[in-house]
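Hello,

Here is the structure I promised to pass on to you. Please have a look at it first, and then read my notes below.

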Amino acid sequence: MAYMDGFVIPVPKGNKERYREVAAYAAPIFIEHGALRVVECWADDVKPGKVNDFRTAVIAEEGEDVVFSWIEWPDRATRDAGAEKVMKDERMQPKEGEDMPFAGARLIYGGFEVLLDAKA
């Protein structure tokens, strides 16, 4: 069964296009190393929660939006091997003088076993 990596990331609103560019650059590299699909979603209808919500989960600051994304892998073993290759891939190494368009220190990430996958 598929395996998912999930991410919630605070991104300054002014960096939306730059974030999309970085995601579009990285997605084919993940796919080359075994991912089936990479999905990036920009917050559109994220309401404040009474206890917690997407914004408070990543300590989003004024002027930041939230990105919710996931990478679908065929299985955990493929993900483990592929993720290791992605991190070592020279194309994924930070380029000198180039900042990432998001607050990496507040990124939430995790790997998830699929419990249900219902489709229309």
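Predicted model: local features only at pLDDT ≥ 70, side-chain atom pairs only at ≥ 80, totals over all residues.

Ala81 lies 47 residues away from Gly34 in sequence, yet their C-alpha atoms are 8.4 Å apart in space. Ala81 belongs to helix α3, and with a relative accessibility of 36% it counts as partly exposed.

Now for α1 itself. This helix holds 17 residues, and from its first C-alpha to its last it reaches 25 Å, close to the 24 Å expected at 1.5 Å a residue. Which of the residues of α1 are buried? They are Tyr19, Val22, Ala23, Ala26, Ala27, Ile29 and Phe30. The cover over these buried residues includes β1, β2, β3 and α3. Glu21 also sits in α1, but this residue is partly exposed, at 37% relative accessible area. Between the C-alpha atoms of Glu21 and Pro101 there are 9.7 Å, although 80 residues separate the two along the chain.

Let me step back to the whole protein. There are three helices and four strands, and from the N terminus on they follow the order β-α-β-α-β-α-β. The radius of gyration is 15 Å, close to the 14 Å that the globule rule gives for 120 residues, so the protein is as compact as a globular protein of that length. Along the principal axes, the C-alpha trace spans about 40 × 40 × 25 Å. Of the 120 residues, 34% are buried. Among contacts with a separation of 6 or more, 86% are between residues 24 or more positions apart.

Next, the largest pocket. How much space lies in it? The answer is about 750 Å³. Its lining is made up of 28 residues, and those nearest the centre are Val22, Ala26, Phe30, Met92 and Met100. Two or more lining residues come from each of β1 (3-12), α1 (16-32), β2 (37-42), β3 (64-73) and α3 (76-88). Which element gives the most to this lining? That is α1, with nine residues. By type, the lining divides into 19 nonpolar residues, two polar ones and seven charged ones. Three of the residues nearest the pocket centre, Val22, Ala26 and Phe30, are also among the buried residues of α1.

Ile71 is in strand β3. Is this residue buried or exposed? Ile71 is buried, since the cut-off for that is under 20% relative accessible area and its own value is 4%. Leaving aside residues up to four places away in sequence, Ile71 touches Tyr3, Met4, Asp5, Phe7, Phe30, Ala35, Arg37 and Val38. Phe30, in that set of contacts, is one of the residues nearest the centre of the pocket. Val51, on the other hand, is 20 residues from Ile71 in sequence and 28 Å away in space, C-alpha to C-alpha.

Asp89 lies in the loop between α3 and β4 (108-113). With 9% relative accessibility, Asp89 counts as buried. Once residues up to four places away in sequence are set aside, Asp89 touches Ile29 and His33. Ile29 is itself one of the buried residues of α1.

Ile59 is in the loop between α2 (54-57) and β3. Its phi is positive, about 55 degrees, although Ile59 is not a glycine. At 55% relative accessibility, this residue counts as exposed.

Ala77 is in helix α3. It counts as exposed, with a relative accessibility of 55%. From Ala77 to Asp44 there are 33 residues in sequence and 34 Å in space, C-alpha to C-alpha.

Best wishes

Note on methods:
Residues numbered from 1 in each chain as written. Heavy atoms only, no water. 1 Å grid on protein atoms, 1.4 Å probe; cavity = no way out; pocket = protein on both sides within 12 Å on 5 of 7 lines; lining within 4 Å. Points joined across faces, edges and corners; volume = space filled by probe spheres on them. Nonpolar A, V, L, I, M, F, W, Y, C, P; charged D, E, K, R; others polar. Expected span 1.5 Å × (residues − 1). Buried < 20%, exposed > 50% of the residue type's maximum accessible area, 1.4 Å probe, protein only. Contact = heavy atoms within 4.5 Å. Rg over C-alpha atoms; globule rule 2.2 N^0.38 Å.
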